Amino acid sequence: MSAPGITEPTEAIARARAGDGDAWGELYREYAPAMFRFCRRALPTREDAEDATMEIFMKLRDKLVQYDETRSFSAWLYKVAANHCWDLLRRRKIRQDKETEDVETVPLEHPDPNQLDRMIEQSTSDEVRKALGKLGARARMALVMRYYSDMSYDEIADALGVRRAFVGVVLLRARHELRQALGEPGAMAAGGAL
Amino acid sequence: MSDMANDPRDVQHLDEMILLLYIERQLDRVKAAEVSAHAQECNECRTLLRAMERESRLLTRAMLEEDEVLPARLMQFQQRARRSLQWIWGVLFGLSATGVYALYTGYVEPYEQQLQQAGFGSTSLLNLLIFQGVFWKGWQSVITLVEVVAMLTVGGFSLAFFRKRLRRGSTALALVLTGFCAVGALMTPATASAQDVRKSDSVEIRSDETVKGDVFVFAHRARIDGKVEGDVYLFCQDASVGGHVTGDVIAFSQILRVGGTVDGNIRSATNSLSLSGSVTRNVLTFNELANFDSSGKIGGSLTAFAHNLNIDGGIGRNALLFAEQTTLSGNVDGEINAKGDNLRINGSAKVGGPIKFEGRNAPDVASDAKLASPPVFTRMEHKPDYMEGSYFVWQVIWLAAYVLFGLVLFQLMPAFSKEAVDNVEQYGASFGLGVLVFFGVPIAALIACVTVVGLFVGLATLFTWYAGLYYAQTIVGALVGQWLLGRTRETWPLIGRMVVGIIIVRLTTMIPHAGGWIKLGVTLWGAGAISLAIYRRFQPPMAGLAPAMSPLPPTATVGGAVPA
């Protein structure tokens, strides 16, 4: 899950682990924009994303000793960020059990391939972002983890607290919600907004 | 194929779930080959597959696009983190202010009075300029200003702490602390009704006055000639208790004279204590000079730490005395345990129990003194500690205690301990902060104790500070252990290194002459590292300039091979 072609600042990471404040500055400059964008996609408001970004970086300092240097730093960073954002969302009375029940019981309609193709063709990035904002918390979180930070199914399952075999269902369900939001501007997705 | 959709239009089409797992490379090779083969032949499934892949790419693109600039708040985050370091200057100023206050009351003011008594009060130009109000309205107002500034510093720091806690969402902690403050605020008026707080340059409770409840006196001079039906707390320079106190007298005063009746205890920390009245229960006192007049009477026991101690009055029970010079002329009904340089027992003395004295010189006992038994004298010898066998036994016991203490704390707070050990290597910062904490915290805590509300906080801080000094040595020990055995991030290996290191540290502290300084240095060093770790726990970890806008290219590489 490491970023292809990106050289991770291993020296800065090592120095930051030793408590070097300047090294933390380097890491922040390197990763803060991406972390903010991650939070912006995952959380409902800009203020939430700003708060979460700062909280994640504060949390990182405590957790840096747990980082395994043999693995990708950015992947680990996204994992911490995903866990933090999902914790935030869950604390806001997200009824996870109910959502799980919904996903498991409500059948998904098989899409018309040509209609879907046209919708994708006509949709802009901006429209997709707006539609993302209308999704339920878990649907949005799952899409962000998968398509923004390229987290594996195992990592998504771990972050969301669901079985790995269930991750595909969550993602497909999220895509359906997204399509519905894209097709009906202004409509709320089936999973419900926050 | 078993995963065909049960679609009335074409039961042979692939299920959308299968297609998603296929493009996300979640299918095993056999199943993926089946999907690929089907998609090659089925136009509808191929179209859906490609649409879903485009959907994946659209999602990734939409999420990755930089549609918003990094908020200024986040750009300033590092700068604010750096600026937030400035709070330490506030604390430094507060501590300096309290230190100046302590220095003034402890050293400057007594010498000033002595100079005045010696006739130099108005002739010294410095005294004239500074203390006589040529430029200053009055030194007392300066002291008040210092007190206010010190309290404002502490208050401002507390507010900042609460604000950050709330912002960070640690609502539980914030609520607990806020609730604590709220309870304190609510309780204050209730208790204030049973308390009488008097603050003035001169406070007097006249002989015809009766105060029901406790009295707190903050004054330059205080006279308690009336009756107090409760405890009396004195924070004064010159205090006199000539009336009747039904409770205890607790005094922090340069001079304390008790000529009246105290039904409870006296607990005092004074420069000079004079007791000519009656105390029904016990007296515990820390003084430079303590004088118990012949008319003075203590119903219970006396525990005294003093430079010069004169006992002319009567003590109903035992006396435990630590004084360089002790003179006994009165009566002690119980036993006497004394330690110091000299003990003189005059002829008028009468002691009902055994006398044990450990000192430099044998006690000087008048022949006509009425003693139950001759004093048992133990000469205090100042040979080096390590010449005694018990010294090494105690060193081993202390070593075991340190190891146990470190073990418990490293287990209870593994992450914090590792941070503290890491911080030890920042030699300058750790040592500098250690000096500040070592001297500043007890001063601040004692100042806090002076205020009624701050008593608990002050005592808790003192206790924590004292425990922290021992913890500091284990932290430095862990670093020494790491130097010898290599670095580790695991808890138990770190504890092992701590044990090795603490043995070495303790051995170095046993070196004659230098050992004490080594111990002080290690304590300062470790205390600074712990303080640094605490500080960083409450601070954003970044430093440096504002972040550049170069983003981390996210890592989305979603999508499988497009079937032919």
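Arg146(A) is buried at a relative accessible area of 7%, where buried means under 20% relative accessible area, exposed over 50% and partly exposed in between (1.4 Å probe, protein chains only). The model is predicted: local features need pLDDT of at least 70, side-chain atom pairs count only at pLDDT 80 or more, and totals for chains, interfaces and linings use all residues. Residues are numbered from 1 along each chain as its sequence is written, chains are lettered from A and ligands numbered from 1 in the order in which they are written, and side-chain values use heavy atoms, with hydrogens and water left out.

**View 1. Arg146(A) and Asp150(A) form a salt bridge.** The N to O distance is 4.0 Å; a salt bridge is a side-chain nitrogen of Lys or Arg within 4 Å of a carboxyl oxygen of Asp or Glu. Asp150(A) is buried, at 11% relative accessible area.

**View 2. Asp126(A) and Arg129(A) pair within helix α7 of chain A.** Their closest N and O atoms are 3.7 Å apart. The two residues are 3 positions apart, about one turn of the helix (residues 125-132); helices (H or I, at least four residues) and strands (E, at least two) are DSSP runs numbered from the N terminus. Arg129(A) is buried at 14%, whereas Asp126(A) is partly exposed at 39%.

**View 3. Asp341(B) and Arg360(B) form a salt bridge.** The closest N and O atoms are 3.1 Å apart. Arg360(B) lies in the loop between β21 (355-359) and β22 (364-365) of chain B, and Asp341(B) in the loop between β18 (336-340) and β19 (342-345), so the pair ties together parts 19 residues apart in sequence.

**View 4. Arg40(A), Arg46(A), Glu50(A) and Glu68(B) are linked in a salt-bridge network.** Over all chains, the structure holds 27 salt bridges.
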